[in-house]
Structures are given as C-alpha cells and as structure tokens.
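Here are some notes to read alongside the sequence and the model. Please keep the structure open and look up each residue as it comes up.

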Amino acid sequence: MKTMIKMLTVVLGVSVGFGAFAKATDTNKDGSFSREEMLAATYDKAEKTFKKADANGDGRVTMDEIAGKKLTVAKAADMNKDGVITWDEYKAHVTKNVDKRLAKLDANHDGALSKEERSRKKKSM
C-alpha cells in the first residue's frame, strides 16, 4: 500500500502554485484574486488532469490507469488511503491547498490576494 501511495505521488497531479494562474483568474478584473476565482482556475486545471488520468472514465484513478503516465498528485489526495483517488477526494485536496496558500499570503485577511500580496510571494521565493 505504501508503494502504491508513493507511486500516486509521482504519477497523477496538479500544481496549485500561483504560477498556474493566468490573468484570466481575475474574472471580475478588480486586480485581486478572490478565493472563488482561485478555486475556479485551479479546478479547471485539476479536472483536465484528473480526466486525462482516468482512462476508463469511471471517476476513479487507479494505479493501472496511471502506470507509465507523466502526471503527478500528492498522496494526500487519497483521503481514505484505499489506493484510489476519486474526483471528490481530488477536488477536496485542491481546495485545501488553495485555502492554505490564501491563509498564508492574505496579509490583510480580506479573503483575496491583491497584486501586492502576490508580488510579496514572488519576492520571497
């Protein structure tokens, strides 16, 4: 089981880093990325990656489906540790990661990342 989980970590996944967010993330054009905007942009990418990995389209990603593919996902996405990642597990994992980043970078705690808050992130890297 541990080997299977390690393989899942290497093979299926989505980066939720802010580099993945294009200007299109700011859908209301206010200069900030709200939680909703960040989730929508991330879910779009996550769904495409998940569907690509889900070869038989059953809504579950198994080791057989991802064997040999160059995709990556955090093992934490397999919440019930059964070696299979469902879309609900994957979406919950993505949501958790977006929320963690928002909490870390949202200096004024308004629930959005301003251009300045996003710039501060880039400078500290």
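1. At roughly what angle do the axes of helix H2 and helix H4 cross? This is a predicted model, and in it the axes of H2 (residues 35–53) and H4 (residues 87–105) cross at roughly 145°. The two axes come within 10 Å, and the crossing is right-handed. Angle and distance are both given because two packed helices are described by the angle between their axes and the distance between the axes.

2. Now the residues at this contact. H2 contributes Arg-35, Met-38, Leu-39, Thr-42, Tyr-43, Ala-46, Glu-47, Thr-49 and Phe-50. On the H4 side they meet Trp-87, Tyr-90, Lys-91, Val-94, Thr-95, Val-98, Asp-99 and Leu-102. Sorted by type, the residues of the contact of H2 with H4 are ten nonpolar, three polar and four charged.

3. The largest nonpolar core has 18 residues. The members that touch the most others are Met-38, Phe-50, Val-61, Ile-66, Ile-85, Tyr-90 and Leu-113. Two or more residues each come from H2, helix H3 (63–66) and H4. H2 gives the largest share, six residues. As background, nonpolar side chains tend to be buried together in soluble globular proteins.

4. Phe-50 deserves a separate look. Phe-50 is listed in the contact of H2 with H4 and also among the core members that touch the most others. Setting aside neighbours within four places in sequence, Phe-50 is in contact with Gly-59, Arg-60, Val-61, Ile-85, Thr-86, Trp-87 and Tyr-90.

5. Is Ala-67 buried or exposed? Ala-67 counts as exposed because its relative accessible area is 54%, and exposed means over 50%. Ala-67 sits in the loop between H3 and strand E3 (85–86). Its C-alpha atom is 9.4 Å from that of Ala-53, a residue 14 positions away along the chain.

6. Last, the chain as a whole. Its secondary structure consists of five helices and four strands, and along the sequence these follow the pattern α-β-α-β-α-β-α-β-α. Of the 125 residues, 41% are buried. Among contacts with a separation of 6 or more, 60% join residues 24 or more positions apart. The chain exposes about 7600 Å², and carbon and sulfur atoms supply 55% of that area.

Definitions and conventions. Residues are numbered from 1 along each chain as its sequence is written. This is a predicted model: local features need pLDDT of at least 70, side-chain atom pairs count only at pLDDT 80 or more; totals for chains, interfaces and linings use all residues. Side-chain values use heavy atoms; hydrogens and water are left out. Axes are lines fitted to C-alpha atoms, for helices over the stretch in contact, and angles run from 0 to 180 degrees between N-to-C directions. A crossing is left-handed if the near helix is turned anticlockwise from the far one by less than a right angle, and right-handed if clockwise. Contact means heavy atoms within 4.5 Å. Ala, Val, Leu, Ile, Met, Phe, Trp, Tyr, Cys and Pro count as nonpolar, Asp, Glu, Lys and Arg as charged, and the others, Gly among them, as polar. A nonpolar core is a set of buried Ala, Val, Leu, Ile, Met, Phe, Trp, Tyr and Cys residues joined through side-chain atoms within 4.5 Å. Buried means under 20% relative accessible area, exposed over 50%, partly exposed in between (1.4 Å probe, protein chains only). Accessible areas come from the Shrake-Rupley method with a 1.4 Å probe; for residues, only the protein chains shown count as cover.
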